[in-house]
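The sequence and structure come first.

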Amino acid sequence: MPSVYKNKNSVINRLIFDYLISHKFKIFLALIMMIISAGATGLHAWLVRPALDEVLIKGNKEMLFLIPIAIILVTLCKGIATYTHSYQMSKVAHSVIASLQNQMFEKLMYLNLTYYNDSKSGNLISRLINDTYYLRLAIVKSVTAVIKDILVIIFLLGNMFYQSWSLTIFAFFAFPLAIWPIKKIGKSIRKITYEIQNEIAKFSNVLAESIKGIRQVKAYNKEEYEKKRAFENINYIKKFFIKSAFVSNRLSPLMEFIGSLAVAVSIYAGGVFVLNESMTTGQFMSFLVSLLLAYQPVKALGNLNISVQEGLAGAERIFLLLDTKKDKSENHHEAKNIKLNGNIEFNNVNFSYGEKNVLNNINLTIESGKKTAFVGLSGSGKSTLINLLLRFYEGYRGNIKIDNNDIRSLSLYDLRENISLITQETLLFNESISNNIRYGDMSCNDNKIKEIANLAGVNKFADELSDKLNTIVGESGIKLSGGQRQRIAIARALIKNAPILVMDEATSSLDNITEREIQDALDTLMKGKTTIIIAHRLSTIKNADIIYTIDKGVIENKGDHKYLIENSAVYKKLQLQESSNED
């Protein structure tokens, strides 16, 4: 089983000392209530003796009145105690799970892009939802029931010893036989559950990809292929669940048999004791009721061990995420709210993705307030420059400076707060248009949103919608066209009003007409800002102050449009491709 934890004790200890101990007062109250509830169960069994000996055999009329009242009072106390301990442990469990989910989500927010490149979103989502579900059940039901059932057994066993210690020894000879199979089955279930949770994570990923990419699925007639992928995962999950049932369902009949042995021996031995007048009928019945009442929690403990093991398997996967190595996390220093002008320098910058060298000895300057463009064939390294500027990736050699500040000396918050990014794939959240715009600056009021929406041309289409700027855009903005989504992205960048603007293929997915329609919004956005444009389409960068051509991670040439047409082989090739596409 792939796990960083060599035994379950390390997981249990971590759950107790890192999460449960902070709720010690609630747990202590719940424990007191469990003792009262378990004691009430034992008292019920004890009351059988005077009910038989004093009322039915001796005809004591006073006890006939008192015993029913005692049963009612004991039951009332038990009900209140059971409700209280169940409620308190539920509060503890939900608080622990909320804390874990908060920590996991926080961890995910600050992991670097290298981690996400190596991970599947379905797996991460499954840890936050599916694994915490198993752990929640383990804490709410299993842990509570384990403590309570043990206490019930102790009180009932105490009554049994009180009635007849010798008969108790006879009755419990069989129960040690159950310890080994309970432990063995629990261990097997934990391994199987770990595999089930891994398979559910894989299925979550397939499901997310198929639904998110449904247009591609339909466009390429790949419904059958996606069905095959999903069905394979579903069958794997089914097999593991069947295997789990095959293992876990052995326990119930085994416990039934052991319990029947104990009852059979008790009835025989108890009958002999009663016939020999070494114990009264009331004592024997009180003993027998205690034994029968004890059988259920003993059986339940075996089944609850399965739930505990499932919860521990979930906890392992949760802690694997929380314990992700620091080299996968971003370094967030304290922000100083620095405002930059936007003069950018790359000095001898080299970068590799694994073994693949992507950038080689890059030296360039981007002047503050100027419009700088990068062009090149796909895979030449253009977007990597932006990824390094925003410190999405850290492991580069050389240095990158903004206003003579090495970007590694700036906090990530300060760095990114000074950069607005618009990409080819505009991410919109399934909220209103206004909230998607406000994402650039959460402090903006509605009037400012309307002003910016008008500048970006968002109102041109929003005014035609029934709810205008309050219209919900759908998941990833599916209800809007590419041009409409791009206008919202421009409005978001306008709201942020950062001194550095980066447009990474921002208009490549738009047709020429739509691109011209939003050009005024782009011009408004770029005014007075250090603008970096990455583009395939040369028509979008002709007016740039300086254009860098990049080929295989090396700067091939630089200059304005006219100069590069005459002196850059890469630029000429891109222009020929564009002219061919237009023809």
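Of the chain's 583 residues, 46% count as buried. The model is a predicted one. Its accessible surface comes to about 30500 Å², and carbon and sulfur atoms hold 57% of that area. The secondary structure consists of 21 helices and ten strands. Among contacts in the chain with a separation of 6 or more, 78% are between residues 24 or more positions apart.

In soluble globular proteins, nonpolar side chains tend to be buried together. The largest nonpolar core here has 39 residues, and those that touch the most other members are Ile422, Ile433, Ile437, Val458, Ile488, Ile541 and Ile547. Helix α17, residues 482-496, is the element that gives the most to this core, with seven residues. What is isoleucine 488 in contact with, leaving aside its neighbours within four places in sequence? The list is Leu428, Ile433, Asn436, Ile437, Val458, Phe461 and Leu480. Another core, of 30 residues, lies apart from the largest one; Leu359, Leu388, Ile500 and Tyr548 are among its members.

Aromatic rings are the next topic. The count of aromatic pairs comes to five. Two of them are listed below, including one formed by tyrosine 83 and tyrosine 87.

| Pair | Centre to centre | Between the planes | Arrangement |
|---|---|---|---|
| Tyrosine 83 and tyrosine 87 | 6.1 Å | 0° | stacked |
| Phenylalanine 374 and tyrosine 548 | 5.5 Å | 20° | stacked |

Tyrosine 83 and tyrosine 87 both belong to helix α3, residues 61-110; because they are four residues apart there, about one helical turn separates them.

Phenylalanine 374 has a relative accessibility of 2%, so it counts as buried. Tyrosine 548 has a relative accessibility of 3% and therefore counts as buried too. Tyr548 was named above as a member of the core of 30 residues.

The ring belongs to phenylalanine 319, and the charged end of arginine 14 sits over it, 4.1 Å from the ring centre.

Methods. Residues are numbered from 1 along each chain as its sequence is written. This is a predicted model: local features need pLDDT of at least 70, side-chain atom pairs count only at pLDDT 80 or more; totals for chains, interfaces and linings use all residues. Side-chain values use heavy atoms; hydrogens and water are left out. Rings of Phe, Tyr and Trp (its six-membered ring) pair if their centres lie within 6.5 Å; planes under 30 degrees apart count as stacked, over 60 as edge-to-face and the rest as tilted. Helices (H or I, at least four residues) and strands (E, at least two) are DSSP runs, numbered from the N terminus. Buried means under 20% relative accessible area, exposed over 50%, partly exposed in between (1.4 Å probe, protein chains only). A charge sits over a ring if NZ of Lys or CZ of Arg is within 6 Å of the ring centre and within 35 degrees of the ring normal. Contact means heavy atoms within 4.5 Å. Accessible areas come from the Shrake-Rupley method with a 1.4 Å probe; for residues, only the protein chains shown count as cover. A nonpolar core is a set of buried Ala, Val, Leu, Ile, Met, Phe, Trp, Tyr and Cys residues joined through side-chain atoms within 4.5 Å.
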